[in-house]
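I'm looking up a few loop residues and helix pairs and jotting down what turns up.

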Amino acid sequence: MNTQKNKNLFFKFVCLVLVLCLAAGAAGCKDKSNGDNNAPTGNERRFTVNTDNPVGKIVGGGTSDYVIVIPIDYTETEYFAATEIQNFIAEATGVTLSVTLETAVDYSEETKMISVGGTAALDGIDDDVDYSALNGDGFIIRTDAQSVFINGANDRGTLYGAYDFLERYAGVKFIAADCTFVPAANEITLYETDIYDYPAFPLRLYLSGPLYNGDPLLLARMRMGGDLAMASDEYGGKVEWYTSIVHNTLSFVPTDVYFTNENREQNAHMYCLNDSGSPVDLCMTDGITADGKIDESMQVSAFKVALETLKSQVMKTSSNCNYFTFSQMDTLLCCECEDCVAAEAKYMRSGMNVRFANLLAEEINKWSQEEYDGRTVNLVIFAYNYSTNPPVDSEGAPIDSSCVPNEYVYVRIAPINADNYYSFRHADKNKSFAQIFDGWASVTENIMVWSYHAYYTNFAQYYPTMQTFKENLSLYEEYGAEYVMMQGDHLNSADWLDRMNLYVASKMLWNPDRDVNALRNEYIDCYFGPVAEEVREVADRLDERLYEISLTGEVVFQIYHTTIMNADYYPITWLEGLIDILDGAIAELQESDDPNKNDYIRRVKEVKVTPLFMIVNNIDSYYSDSILVYDTVKEFTDLTDEVGFTRYAEGGRGANDLRLEYGITD
């Protein structure tokens, strides 16, 4: 097998969008790494691990003089972080370090300890550290004499620091929910260390199936935090963000209260109604005067009801909760009442949403400061569908001062119609979306991003976006985005591409300077083990084919655009060739004595779902024999059942639907 050729295929693919650093090859899982030593210094990230200056032997000769120390008033997370260090060092070396309270240790230059969290011994060692500059979840790892100190800006930061320590010193790699790589080691040497690290984005999440379906430990090990994933106190605590549903403006004026059979006629003015007269969103001018004030002449209005609903949300949450979503419904329809039509002509639909949110934010913060607990309440609105374009003129200036989001309003840009094969810096394919980002950045610093990384029409279709990670995330970082949510295939936990995206994105969301190619290959090496080269070849061939398709200029890589699935782009012999490679890998594993071979077989079968789907999706173009059609579709549905790939599309289509379509009963 020509491994170098395969690497070149992937390199050729990513060069199209100029997003990756030139990589010399895959980062093997058996190599310990001290991280990115070319990172900036000073008050920015720094990763100093001086391997020329060993300061202690954490484990050597089957023993250890080191102890893991936590504060006497330790938090759940500090204790858990200490036990994670304890357990993984034990797994790697066979040596179990004890976890003890700081009161059991008299710190001196002779002490050998791993300090986790805010221990008393940390005093004086971190005097020069500005924890407020660590962007929420950052941490330090610093040696002093023979000891090492791990501490975060918050509990999550301390846990993430513990994981960074394990990655650097024990070679532990958290690959996936079902794969943690822990290399065997006879010794672990502690070197002079000064690490100051923090995430590019305070709130960051790749929304994959495992995280969306609730895996708080994986969330912690991937160093993520956001509003749409489960979390727990033990693993650093949840992000304080009030979330009910994402598209939620109708919940602020609930129809079961204000649009019943008894009152719908009198309250219809508060809503945007569809052709059948049902509410699909709010009227964004209802209850607001032309000069942007509360219309006190109206006893009941969309604005007044929304304000009272927001007050109730605030009162349900802790005083640390500062973010509340006020996000338009998932519809292309807008209110067409006389006031809204007039306002659209003056402010654009995006400006109308900003005006409503501005007033809502002003009033809720006034109430909070004067009547409640004094907290700051931030509203998060969407720039999405009809409101994607920013309220700016051709020169990029605000079309009206009232359309400038105030300090409490955050704009979550969701470029749902972008061509996701290309970065937002691409001069041609996504030029309009680059202008959208520039436009919003010209009117507010409160930028958030919601991007898309799966093909929602058919999740199993090969749909790569990894080649855009570096440039897009760097772009968001330049704009000072406080939140980046990358929506993947959140409905499946057995989507091999989505799982690989999760791993790579977890590293890139923390630090966009990382090498995408190296991370991708690191994942393949660790997750597929003895058949990594076969899986890499399949992935490389898929990448090469998408690159070739992109050169035709015929395909739009939007999340619902169907041209990407055209049978002409994927010759049947080519697809069958991919399956042959994977079947060969499965046969190789079945004959091996690898104790983990069943796990590897399942993982390869998950990869096989993709080329087999690409045949099934166009099966009438490939096969004329009805028996062959039947058998192929049955093989696909049986395979997806076996590996747990349950949702074929966002709308819920699955194996039973396909069986019904083809009359498969056995």
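This is a predicted model: local features need pLDDT of at least 70, side-chain atom pairs count only at pLDDT 80 or more; totals for chains, interfaces and linings use all residues.

Is asparagine 135 buried, exposed or partly exposed? I looked it up: asparagine 135 counts as partly exposed, at 26% relative accessibility (buried is under 20% relative accessible area, exposed over 50%, partly exposed in between, with a 1.4 Å probe and protein chains only).

Residues are numbered from 1 along each chain as its sequence is written, and side-chain values use heavy atoms, with hydrogens and water left out.

Back to asparagine 135. I found it in the loop between strand S4 (113-116) and strand S5 (139-144) (helices are DSSP runs of H or I with at least four residues, strands are runs of E with at least two, numbered from the N terminus).

Methionine 348 counts as partly exposed, at 28% relative accessibility.

Next I checked asparagine 618, in the loop between H17 and helix H18 (619-622). Asparagine 618 is buried, with a relative accessible area of 14%. Its side chain reaches the backbone oxygen of methionine 565 at 2.8 Å (a polar contact is a pair of N or O atoms within 3.5 Å, one able to donate a hydrogen and the other to accept it). Leaving aside neighbours within four places in sequence, asparagine 618 is in contact with Met565, Asn566 and Ala567 (contact means heavy atoms within 4.5 Å).

Then the helix pairs. At what angle do H15 and H16 pack? I get about 165 degrees for helix H15 (residues 532-552) and helix H16 (residues 572-590), with their axes 9 Å apart (axes are lines fitted to C-alpha atoms over the stretch in contact, and angles run from 0 to 180 degrees between N-to-C directions). That makes H15 roughly antiparallel to H16 (angles over 145 degrees count as such; under 35 is roughly parallel, 65 to 115 roughly perpendicular, the rest oblique). Among the residues of H15 that meet H16 are Val538 and Leu542, and on the H16 side I noted Trp574 and Leu578, among others.

Last, helix H17 (residues 597-616) and helix H19 (residues 626-643) pack at about 145 degrees, with their axes 9 Å apart. Their contact includes Phe613 of H17 and Phe636 of H19.
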